[in-house]
Amino acid sequence: MSRPEGVSISVIKRLPRYYRFLGELKDQGMIRISSKDLSERMGLTASQIRQDLNCFGGFGQQGYGYNIESLYEEIGRILGVNKVRKAILIGAGNLGRAVALHMNFERRGFHIIGVFDKNAALSGQIIRGLPIRHTDGIYDFCKDNSPVVAILCIPSIAAQELTPELVKLGIKGYWNFSHYDIASNFPEVAVENVHLSDSLMTLSYKISNF
Ligand code: NAI
């Protein structure tokens with residue numbers, strides 16, 4: 001994954017949270033915030049915040065704090081949410097529908113242009129204003145529309161079969177809800193795995209050790 005040189009992935013993973021908090025402060029009409037105030041609101045230490053943001057050139061000024069709007073814009077730029085990336089969603093079952101219907105993709109720089117499922121009985125049903133297409137049509141659709149991201153809401157075995165084709169079709173980013181390990185098999189693409197069960201097990205650990 002490419003990122004500003006020397007910036008750890010753990011810092012990058014904290015950026016969406018900064019972005020969310022700053023967006024809320026911006027919506028409340030706040031103009032600036034000190035690292036101490038931001039740290040109290042976010043449950044981090046002020047020095048952690050300074051260290052994180054210094055990785056990108058340090059946006060704060062001594063005695064002034066951070067300008068919320070410009071920090072928000074800058075973090076958005078680093079995350080790339082100001083871009084519009086064309087995405088397809090594969091698997092229009094329970095999970096695929098929930099993801100399609102409840103995520104604000106546009107706000108995060110993604111535009112869903114196609115929904116696919118191999119179950120022909122679903123073809124033509126509308127999700128998010130888009131007709132579900134049969135997976136047989138993925139090849140032509142990708143050739144014509146050049147999506148760069150795939151959201152995989154399909155079983156592991158289906159993802160294993162489909163991913164080599166998607167990589168060949170130029171899909172570079174995978175929001176992977178399947179349990180297939182794309183990253184190890186295709187190191188040339190960007191993968192973000194989402195496993196709700198991992199989060200649940202982390203909660204299990206936390207309550208066991210509370
Ligand atoms: P579901 O059975 O409701 O939907 C799966 C859909 O995928 C079906 O419509 C099916 O026709 C379609 N499908 C299967 N093979 C396909 C292929 N090769 N190409 C296109 N579409 C295909 O299942 P649900 O609940 O939506 O879950 C989907 C998968 O996501 C499951 O395998 C499950 O293990 C996984 N999952 C992952 C979670 C996570 O946190 N990462 C949470 C819940 C489920």
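Predicted model: local features only at pLDDT ≥ 70, side-chain atom pairs only at ≥ 80, totals over all residues.

Me: Which residues are the closest to the ligand?

Reply: The ligand is surrounded by 19 residues. By class, that shell has ten nonpolar, seven polar and two charged residues. The closest are L95, D117, F177, V194 and L196.

Me: How far is a backbone N or O atom of F177 from a nitrogen atom of the ligand?

Reply: For N94, a backbone N or O atom lies 2.9 Å from an oxygen atom of the ligand. For K118, a backbone N or O atom is 3.2 Å from a ligand nitrogen atom. For F177, the distance from a backbone N or O atom to a nitrogen atom of the ligand is 2.8 Å.

Me: And what share of the ligand's accessible area does the protein cover?

Reply: On its own, the ligand has 850 Å² of accessible area. Of this, the protein covers 72%.

Me: Is L200 buried or exposed?

Reply: L200 sits in helix α9, residues 196–208. With L203 and I207, L200 makes a nonpolar surface patch of about 330 Å². Its relative accessible area is 56%, and the cut-off is over 50%, so L200 is exposed.

Me: What about E161: buried or exposed?

Reply: E161 belongs to helix α7, which spans residues 156–168. Because its relative accessibility is 58%, E161 counts as exposed.

Terms used:
Residues numbered from 1 in each chain as written. Heavy atoms only, no water. Near = heavy atom within 4 Å. Polar contact = N/O pair within 3.5 Å; in protein donor to acceptor, adjacent residues only side chain to side chain. Areas by Shrake-Rupley, 256 points an atom, 1.4 Å probe, with all protein chains shown as cover. Nonpolar A, V, L, I, M, F, W, Y, C, P; charged D, E, K, R; others polar. Patch = residues over 30% accessible without salt bridge, like charges linked within 9 Å, V, L, I, M, F, W, Y side chains within 5 Å. Salt bridge = Lys/Arg side-chain N within 4 Å of Asp/Glu carboxyl O. Helix = DSSP H or I, 4+ residues; strand = E, 2+ residues; numbered from the N terminus. Buried < 20%, exposed > 50% of the residue type's maximum accessible area, 1.4 Å probe, protein only.
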